[in-house]
Amino acid sequence: MYSAREIIIRPLSTEKSSRLKEFRQYTFKVLKSANKIEIKKAVEEIFKVKVKKVRILNMKGKPRRMGIFSGRTSNWKKAIVSLKEGERIESLEV
């Protein structure tokens, strides 16, 4: 069993995620083995808010090159968390 801090790796700050904040939706990079229930409990525990819905996406790694060497970045999991009416995460509203 993982702790809440291990499940939520970091919040994602992109153009799309900043637009989603208007609709009380926050985006996080999460542990690849985490499921929706674990993500919901982790967000509620860390940020002291009520979660309405969790959507998860498996993101594929991109091909990268360094000179003649080629490889890939790691695959990772992204979670979009919707909060209940009236809830906000103040620390991520920058």
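**Ground rules.** I number residues from 1 along each chain as its sequence is written. Because the model is predicted, I take local features only at pLDDT of at least 70 and side-chain atom pairs only at pLDDT 80 or more, while totals for chains, interfaces and linings use all residues, and side-chain values use heavy atoms, without hydrogens or water.

**Overview.** I looked up the elements and found three helices and six strands. For these I use DSSP runs numbered from the N terminus: helices are H or I with at least four residues, strands are E with at least two. From the N terminus they run α-β-α-β-α-β-β-β-β. I boxed the C-alpha atoms along the principal axes and got roughly 50 × 35 × 20 Å. Of the 94 residues, 32% are buried. My cut-offs are under 20% relative accessible area for buried, over 50% for exposed and partly exposed in between, with a 1.4 Å probe and protein chains only. I then checked contacts, meaning heavy atoms within 4.5 Å. Among those between residues at least 6 apart in sequence, 60% join residues at least 24 apart.

**Sheet.** I traced an open sheet of four strands in the order E1-E2-E6-E3, paired antiparallel. I count two strands as paired if DSSP finds at least two bridges between them. Strand E1 (8-11) and strand E3 (51-59) are the edges, each pairing on one side only. The twist averages 30 degrees from one strand to the next.

**E6 and its partners.** I followed E6 (residues 76-83) next. Six bridges join E6 to E2 (residues 25-30), and the two run antiparallel. On that side I noted Lys29 opposite Lys78, and Gln25 bridged to Ser82. Eight bridges join E6 to E3, again antiparallel. There, Asn58 has Lys77 as its bridge partner. Why is E6 largely enclosed by the rest of the structure? Seven of its eight residues are buried, so the strand is largely enclosed.

**Helix H3.** I looked at what lies on the sheet. H3 (residues 36-47) lies across E1, E2, E3 and E6, at about 120 degrees to E3. H3 has twelve residues and reaches 16 Å from first C-alpha to last, close to the 16 Å expected at 1.5 Å a residue. The expected span is 1.5 Å times one less than the number of residues.

Its buried residues are Ile39, Ala42, Val43 and Ile46. The face turned away carries exposed Ile37, Lys41 and Glu45.

**Core.** I listed the largest nonpolar core and found 20 residues. Such a core is a set of buried Ala, Val, Leu, Ile, Met, Phe, Trp, Tyr and Cys residues joined through side-chain atoms within 4.5 Å. Those with the most contacts inside it are Ile8, Phe28, Ile39, Val43, Val81, Leu83 and Ile89. H1 (4-7), E2, H3, E3 and E6 each supply at least two of its residues. H3 gives the largest share, four.

I checked Val43 last. Leaving aside neighbours within four places in sequence, Val43 is in contact with Ile8, Phe28, Lys48, Val49, Val51 and Val81.

Definitions and conventions
Axes fitted to C-alpha atoms, helices over the stretch in contact; angles between N-to-C directions.
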